[in-house]
Amino acid sequence: MNKRDPLLLKWDNLQNLIVNNSAGYAVNFGNLPAPKTVKVTGVVSNGTQTTTLFNHNRTFTTGFNLVGNPYPSPIDWFASSGWTKTNIDNAIYFFDSSGAFDEYSGVYCSFVNGISTGGSTNIIPSMQGFFVHVSDGTYPVTGSLKMMTTDKMVPNIYAFTTDIRKVSISGIPAPKDNLTRIPIGIKTSHEGWISLDAIDISLLPTSQNIYLVDSEKKGIQDLKKVPSYRVFIPTGESNQRFYLIFSTKDLTKSLPPKEKLFTLTRSSSQTLINVNLPFNT
């Protein structure tokens, strides 16, 4: 794959569509009460297919291009032969429609350098559309490798790289010092409670600790001991509140006392309760 301009999609009521090989298409069938059969006709694709891609750092694409598997069989992103991927990141992204609010709602699943989110793998099914990212060039580029969800009920969580990019999967060298800090950002379309869960940290060395820091609450949690953290998040982006710390030291020994959930005071015949909860909850 070489570089090409990002594909611009226009929603039309098309009865007959001639597709271009290797191009990606987003198809919306609307709100269907029953399964619908789609008929695809034509000559089965074979042989060499070439697609040219571009990264112009445009507002919405930032180097992402929608492409497709043009063959009647799955293809392996890791295949050592059959691919020529030039100036393309080692990453593929799939859109998973949820239909929570409309036919456009959903989340993105990543497969970056062999690491998966959302159950994505290196196998690209037949006729499957997917996104690839053209590697950054020498031009001014401030794009992310994190694709934000379109489902309003699903919050976005991402790590920041050293050059302040938002990424869904962040590969870093093994921590060599006593304190490695990774900023974590959260973006939500509405306020509410969310849980941050460390679902798989079993491969961390025994001597390596991992902590979640909430700078707003001035709290630190040992994720090896308590892997889930529940917190109220307001609408918008919280990019300077949370971060992970990898450390060989126990950082919880000299912590200040946590804020009390509530306090009770009594005056005459009245009992006053001051509850430490976020506003309007």
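The legends below describe close-up views of a predicted model.

**View 1**
The predicted chain has 19 strands and zero helices. Of its 281 residues, 31% count as buried. Among contacts with a separation of 6 or more, 67% are between residues 24 or more positions apart.

**View 2. Confidence along the chain.**
The mean pLDDT of the chain is 77, and 80% of the residues score at least 70. Strand β8 (residues 123-124) has the highest mean pLDDT among the elements, at 92, whereas strand β1 (residues 2-3) has the lowest, at 34. For residues 1-11 the pLDDT is below 50, although the model gives this stretch 45 contacts beyond near neighbours in sequence. Where pLDDT is low, the predicted coordinates should not be read in detail.

**View 3. The salt bridge between E237 and K166.**
The structure holds three salt bridges, and one of them joins the side chains of E237 and K166, with an N to O distance of 3.0 Å. E237 belongs to strand β17 and K166 to strand β11 (residues 166-167); the two residues are 71 residues apart, and the pair links distant parts of the chain. E237 is partly exposed, its relative accessible area being 41%.

**View 4. S238 in strand β17.**
S238 lies in strand β17, which spans residues 236-247. The relative accessible area of S238 is 11%, so the residue counts as buried, the cut-off for buried being under 20%. Beyond its neighbours within four places in sequence, S238 has contacts with I184, G185, I186 and I233.

**View 5. The salt-bridge network of D214, E216 and R241.**
Salt bridges link D214, E216 and R241 in a network. The side chains of R241 and D214 meet at 2.8 Å, N to O. This pair connects strand β17, which holds R241, with strand β14 (residues 209-214), which holds D214; the two residues are 27 residues apart, in distant parts of the chain. Both partners are buried: R241 has a relative accessible area of 8%, and D214 has one of 1%. The side chains of E216 and R241 form another salt bridge, at 3.5 Å from N to O. E216 lies in the loop between β14 and β15 (219-222) and R241 in strand β17, so this pair ties together parts that are 25 residues apart in sequence. E216 is exposed, with a relative accessible area of 54%. Side chains of opposite charge can pair when their charged atoms come close.

**View 6. A nonpolar patch on the surface.**
Y25, V27, F29, L32, V38, V40 and M127 make a nonpolar surface patch of about 670 Å². One of these residues, V40, is found in the loop between β1 and β2 (52-53). V40 has a relative accessible area of 60% and is therefore exposed.

Technical notes:
Residues numbered from 1 in each chain as written. Heavy atoms only, no water. pLDDT = per-residue confidence, 0-100. Helix = DSSP H or I, 4+ residues; strand = E, 2+ residues; numbered from the N terminus. Contact = heavy atoms within 4.5 Å. Buried < 20%, exposed > 50% of the residue type's maximum accessible area, 1.4 Å probe, protein only. Salt bridge = Lys/Arg side-chain N within 4 Å of Asp/Glu carboxyl O. Patch = residues over 30% accessible without salt bridge, like charges linked within 9 Å, V, L, I, M, F, W, Y side chains within 5 Å. Areas by Shrake-Rupley, 256 points an atom, 1.4 Å probe, with all protein chains shown as cover.
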